[in-house]
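Please look over the structure shown below before reading the briefing that follows.

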Amino acid sequence: MGSLRALSVSQQVGLLFVLLFGVLTLVTVIAVSGSVRERDARAQTMFDRFVRDLRAVWLGAVLFWVSWASGAFVSTLLFGVLSFLALREFVTLTHTRRGDHRSLLLAFFVVLPLQYGIVATEHFDLFTVFVPVYVFLAIPVVSAFGNDPQRFLERTAKIQWGIMVCVYGMSHAPALLLLDLPRYEDRGAFMVLYLVIVVATAQIAQELASRRLRRRPVARAISRSFSWRAWWIGALSAALIGALLYWATPFKPIPALVMGFVAGGSGTFGEFVMKALKRDAGVRSWGGRASVTGAIGLLDRVAPLCFAAPVFFHSVRWYFGFR
Amino acid sequence: MKLPEVAGLFLAFLARLITGAQGHWHGSPPKAEQRIYFANHQSHFDWVLIWAALPRELRTITRPIAARDYWTSSPFKHWITREVFNAVYVSRQRTDDEDPLEPLMEALRHGDSLVIFPEGTRGNKGDPAVFKAGLFHLAGAFPEVQLIPAWIDNVQRVMPKGEVVPVPILCSVTFGAPLALQPGEDKRAFLERARQAVIALRSVA
C-alpha cells in the first residue's frame with residue numbers, strides 16, 4: 001500500500017470514490033438479484049430494512065462526492081443542513097413548552113449558523129468554546145425571559161443537550177476539512193470520508209454481530225441488541241477498515257488502526273444513547289419508519305457521527321501535537 | 001413560471017423545511033377529486049401546513065377560506081391570498097341579505113376543493129371545540145363532494161399564539177376516510193360525528 005501513498009491527491013480521492021461506488025454497486029446488484037426470491041414475512045421486513053439502509057448509504061455517498069467536488073465551503077454548508085434536520089428531529093422528540101420558544105429560535109437561527117460560520121472562517125479557538133461556554137450561558141437567560149418556571153432546569157438542559165450533540169458534535173466533521181495537518185494540506189475531505197467510513201463500518205458490524213450472536217443485552221430496557229461483544233466487534237471492524245485505509249490519511253498504519261477504533265467505538269455508543277433518548281420520548285419504531293410526528297429517523301443515522309466526530313477531531317489534534 | 005407560482009413553491013419548501021409537513025393518507029388516497037377537507041385549528045400555520053402536505057398537483061385546485069377584512073387590508077396580504085393561495089374570501093360581518101356561505105358554494109359549484117376549519121376559531125390544546133354548522137350546510141348542498149377529515153399534529157409547538165417566527169419542529173397531517181351526510185341525519189349528530197372523525201385520526205397517526 002506504500003505505492004498508494006505516493007499517488008497525487010486527486011488520484012487517491014478518485015481511487016477512494018471508485019472503491020466506494022464499486023462496493024455499493026456490487027451490494028446493490030446482489031440485493032436487486034436477490035429481491036425476486038421468495039421469503040417469509042420476517043425475512044422480508046429485514047430485507048426491506050436493508051434496502052432502505054442501502055438507499056441511505058447511496059444518498060450519503062453521492063452527497064459526499066458532491067461536497068468533495070465542490071470544496072470545503074459547500075461541505076460545511078451541507079453538514080449545517082444535516083445538523084439543522086437532526087436538531088429539528090431532536091426538538092420534536094423532547095417536550096418543550098411555550099416559554100422555550102425564544103430559546104429554540106436562538107438555537108436554530110443564531111447558534112447553528114454561527115457555529116458553522118465559525119467553522120467556515122476557521123476560528124478554531126472560538127469554535128471549541130462557543131457552544132460549551134457562551135451558548136451554555138445564553139440559553140438559560142433567554143429561557144428565563146420566557147417567564148415559565150415549570151421544569152425550568154429540565155427544559156434548558158434538554159435544549160442544551162440537543163445543541164451539544166446535533167450542532168456542536170456534528171460541526172466537528174466539517175472542521176476536519178480545515179485542519180492544517182503537516183504534509184497533508186488540502187486533503188481534509190479524506191479525513192471526513194475516513195471518519196464516516198469507519199463509523200458506518202462499526203455500525204453495520206455491530207448490527208450484524210448483535211443479530212448473529214444473541215448475547216445477553218447490557219441494558220435490556222434501552223436496547224435489546226446492544227451487547228459488549230457486539231460493541232467490540234463493531235469497534236474492531238472499524239479499526240481494521242481504518243488501518244486498511246491508512247494510505248489515504250496522514251497517519252501511519254498503527255495510529256490509523258487506533259483512530260478507527262476510537263471513532264467507531266464512540267459512534268456506536270452514540271447510537272446507543274440515542275436509543276435511550278427515543279425510548280424516553282416514547283418512540284418505538286426505529287430507523288426509517290415515520291412516527292407520530294413524522295420524525296424520519298435521521299437522528300438515528302447521524303447520532304453516531306455526532307458522537308464520533310468530536311472525539312476523532314481531538315484525537316487527531318493531539319496526535320499531531322496542536323495546542 | 002410566473003411569480004405567484006414561484007412564491008407558492010418557495011412557501012411550500014419553507015413549510016417543509018420548518019415542519020416536514022408530512023401528509024399521511026389513511027382511508028383516502030391523494031386524488032384530484034372534488035373534496036372538502038376539514039381539520040382541527042390550532043395556529044395560523046395550519047392552512048400552510050395542509051397545503052404543503054398535499055401533492056403539488058392538488059395544491060392548485062385546493063383553496064383556503066380567508067376573512068376579507070383582514071386578508072385584503074394590505075396589498076401584500078391581498079396578493080398572497082389572491083394570487084398564491086387563490087383564497088375564497090368571506091366577510092365576517094353578517095348582513096341580512098347575504099348568506100355567509102355563498103362564496104364557498106360558488107367555489108364548490110366551480111369545481112374547486114376547499115379546506116375549512118369548522119371550529120371557527122383557533123383552539124388550545126386538547127380536543128377540538130364543537131363544530132360550526134357551515135360544514136353541515138355544505139354537505140347537504142353538495143352531496144357529491146367528498147368530505148375528508150384531517151388531523152394536524154404538533155403545530156401549536158411550531159408557532160404558539162402571539163409569536164411571529166416559527167420554530168422548526170416536525171408536524172404531520174393525517175387525512176382520513178371520507179365522510180358522508182346520511183339521509184335525514186340531524187345537524188348536531190352529523191357535526192359531532194365529523195368532529196369525532198377528526199379526533200379519531202389523532203391515534204391513527
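How many bridges join strand 1 of chain B to strand 7 of chain B? Four bridges join the two strands, which run parallel, strand 7 spanning residues 172-175. This is a predicted model, in which local features need pLDDT of at least 70 and side-chain atom pairs count only at pLDDT 80 or more, while totals for chains, interfaces and linings use all residues. Residues are numbered from 1 along each chain as its sequence is written, and chains are lettered from A and ligands numbered from 1 in the order in which they are written.

**Confidence**
- The model scores ipTM 0.81 and pTM 0.85.
- Chain B has a mean pLDDT of 86, with 97% of its residues at 70 or more; pLDDT is the predictor's confidence in each residue, from 0 to 100.

**Sheet of chain B**
- Trp25(B) has Phe175(B) of strand 7 of chain B as its bridge partner.

**Helices of chain A**
- The axes (lines fitted to C-alpha atoms over the stretch in contact, with angles from 0 to 180 degrees between N-to-C directions) of helix 3 (residues 41-93) and helix 10 (residues 298-319) of chain A come within 10 Å and cross at roughly 115°; helices are DSSP runs of H or I, at least four residues.
- That makes helix 3 of chain A roughly perpendicular to helix 10 of chain A, a term that covers 65 to 115 degrees.

Definitions and conventions:
Angles under 35 degrees count as roughly parallel, over 145 as roughly antiparallel, 65 to 115 as roughly perpendicular and the rest as oblique. Two strands pair if DSSP finds at least two bridges between them.
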